[in-house]
Amino acid sequence: MAPPSDINHLSHPCIYAGDFVSSYSERKSGFMKWFGKIFKIGSNRGRGGGRHLEQPEEENMAWSAPSRSRDDRARSRKEKEDLDHAIALSLGENFKRPTGYRWRTGARIDEDYAKALQDRMFSSAHPPYAPVPAYPHGYGIASHSRICGGCNQEIYGDCLGVGHSYFHPDCFRCHSCRYPITEREFSLSGKYPYHKSCFKELTHPRCEVCYQFIPINAAGLIEYRCHPYWNQKYCPSHEHDNTARCSSCERLESRNERYCRLEDGRILCFECMESAISDTGECQPLYHAIRDYYEGMNMKIDQQIPMLLVERQALNDAIVGEKNGFHHLPETRGLCLSEEQTVTSVQRRPRIGGHRLIGMRSQPQKLIRKCEVTAILVLYGLPRLLTGAILAHELMHAWLRLKGYHNLSPEVEEGICQVLSYMWLEAEVMSCSRTMPSTSSASSSSSFSHSSKKGAKSHVEHKLGEFFMNQIANDSSPAYGGGFRAANEAVNKYGLRCTLEHIRLTGNFPV
């Protein structure tokens with residue numbers, strides 16, 4: 001039986017001897033020959049196929065051995081001589097030995113010597129080769145550790161890289177809805193990620209009429225319209241698609257609410273309807289209160305001038321029959337009448353039926369001229385503050401005519417009338433601020449409307465009053481807008497009384 005070609009253990013080596021191997025040196029030399037074969041076979045096996053970590057050849061190795069004492073160097077040199085001698089003896093031996101003749105005596109001694117020789121080969125003078133371990137890509141070793149930007153824990157395995165940050169797949173979540181982001185595309189605002197849909201919900205403006213995202217125009221820009229006072233944002237198409245607009249506050253009707261339709265075709269939102277004055281009898285207390293306001297400024301109107309609330313068509317017919325006067329276009333809401341006419345006035349307020357005002361009762365009335373002013377006409381169904389502002393404006397026309405202010409230019413006459421309207425509104429808004437209840441939560445529409453007309457001020461009425469003042473101050477027409485700004489500047493500089501006296505004498509504002 002042939003001896004095995006590979007030796008896989010070092011604990012019990014078999015020593016082959018000749019006819020007589022009795023001395024210890026000969027046994028040692030035989031053992032050294034056997035040990036040399038081990039090194040030769042092992043080096044050949046290390047060059048086979050497969051993935052292994054190989055040691056470099058000895059002549060290419062550079063060891064940084066520690067310094068050694070003189071005794072250590074002498075001992076090392078003696079051991080090297082013994083090893084060289086053993087190898088030389090083994091090379092000269094005759095390998096033809098009788099089969100079956102084996103000597104196992106001294107195996108323990110040979111084993112000890114082999115262990116000592118192994119210790120010498122891997123002593124501190126020759127440190128073992130320690131290759132750098134190969135880690136898989138992204139493995140969390142200290143020098144390449146990645147900390148999750150979501151949970152602040154170390155990442156092992158799959159991760160998502162966003163900018164200079166890394167995340168566990170489940171930790172990369174939308175900053176808005178807090179659900180994981182699994183889509184390939186997402187939005188990033190600062191350091192916070194979002195689903196594209198969530199980011200659009202947060203940043204893309206919605207139309208306050210149709211509640212859809214405002215579309216992007218051909219230039220790639222978000223184009224929308226916005227009311228200058230209410231900041232109501234809406235799609236440009238709603239200016240041309242017959243979307244209803246409140247005749248009082250100019251806000252567009254949204255898709256989830258319905259405005260009230262008046263019998264003359266006008267449309268009012270519910271906030272304006274809360275304080276709307278809808279018949280002549282209901283308006284009489286407000287009319288007399290504004291006459292008292294004029295009297296408090298030493299501008300008493302002695303004549304009893306009739307005041308009527310009318311429909312749109314009746315007011316337009318009265319304007320046609322009026323010879324003199326300048327009228328605000330596109331729609332006139334009030335008129336200081338100086339000619340004798342027959343006018344149809346609203347005698348009983350309409351009631352709300354669904355989203356319409358129905359059941360209104362009107363009556364024709366013959367107006368006879370007794371002085372320079374025949375009557376004051378105002379559109380019905382407008383909020384209390386807007387109705388009062390129109391009455392204050394028309395009463396100033398009456399005062400000017402009754403006091404002999406004739407042949408004034410539209411800019412002067414309309415401008416000073418707008419100043420009186422603005423002053424009354426300002427007083428009412430300030431009164432609203434002083435008497436406004438602490439909460440703005442309202443009861444039902446009917447009860448709230450009733451309390452508002454009895455004098456209780458509301459947050460809604462306060463905002464409407466500020467809007468009507470804003471309308472007067474920013475009117476773009478030359479007569480009403482430009483005239484107001486010139487008249488208001490003169491009144492603020494010289495006072496109302498001096499300004500009126502200068503107008504009576506010169507027909508112009510003082511400068």
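Okay, so first, what I mean by an aromatic pair: two rings of Phe, Tyr or Trp, using the six-membered ring for Trp, whose centres lie within 6.5 Å. Keep in mind that this is a predicted model. By that rule, we get 10 aromatic pairs.

Let me show you one of them. Y229 and W230 sit edge-to-face, with 4.9 Å from centre to centre and 90° between the planes. Are these two buried or exposed? Y229 is buried, at a relative accessible area of 18%, and W230 is buried too, with a value of 18%. The cut-off matters here: both count as buried because the limit is under 20%.

Now over to Y422 and F484. Their ring centres are 5.3 Å apart and the planes meet at 45°, so this pair is tilted. What does the pair tie together? Well, Y422 is in helix α9, residues 410–435, and F484 is in helix α12, residues 478–494, so the contact links parts that are 62 residues apart in sequence. Y422 and F484 are both buried, by the way.

Next, charges over rings. R146 lies over the face of Y166, 4.4 Å from the ring centre. Then there's R266, whose charged end sits over the ring of Y380, at 5.1 Å from the centre.

On to the strands. Have a look at β11, residues 334–337. Both of its faces are covered: on one side you have G334 and C336, on the other L335 and L337, and all of these are buried. Which strand does β11 pair with? That would be β16, residues 375–379, in the antiparallel sense, over 4 bridges. If you want to find the spot on screen, go to L337, whose bridge partner in β16 is A375.

Last topic: backbone angles. Most residues other than glycine have a negative phi. Here are two that go the other way. E250, which is not a glycine, has a positive phi of about 75°. You'll find E250 in the loop between β6 (233–234) and β7 (260–261), and it is partly exposed, with a relative accessible area of 29%. N298 isn't a glycine either, and its phi is positive at about 60°. N298 is in the loop between α6 (280–296) and β10 (307–310). Why does N298 count as exposed? Because its relative accessible area is 65%, and exposed means over 50%.

Okay, that's my tour.

Terms used. Residues are numbered from 1 along each chain as its sequence is written. This is a predicted model: local features need pLDDT of at least 70, side-chain atom pairs count only at pLDDT 80 or more; totals for chains, interfaces and linings use all residues. Side-chain values use heavy atoms; hydrogens and water are left out. Rings of Phe, Tyr and Trp (its six-membered ring) pair if their centres lie within 6.5 Å; planes under 30 degrees apart count as stacked, over 60 as edge-to-face and the rest as tilted. Buried means under 20% relative accessible area, exposed over 50%, partly exposed in between (1.4 Å probe, protein chains only). Helices (H or I, at least four residues) and strands (E, at least two) are DSSP runs, numbered from the N terminus. A charge sits over a ring if NZ of Lys or CZ of Arg is within 6 Å of the ring centre and within 35 degrees of the ring normal. Two strands pair if DSSP finds at least two bridges between them.
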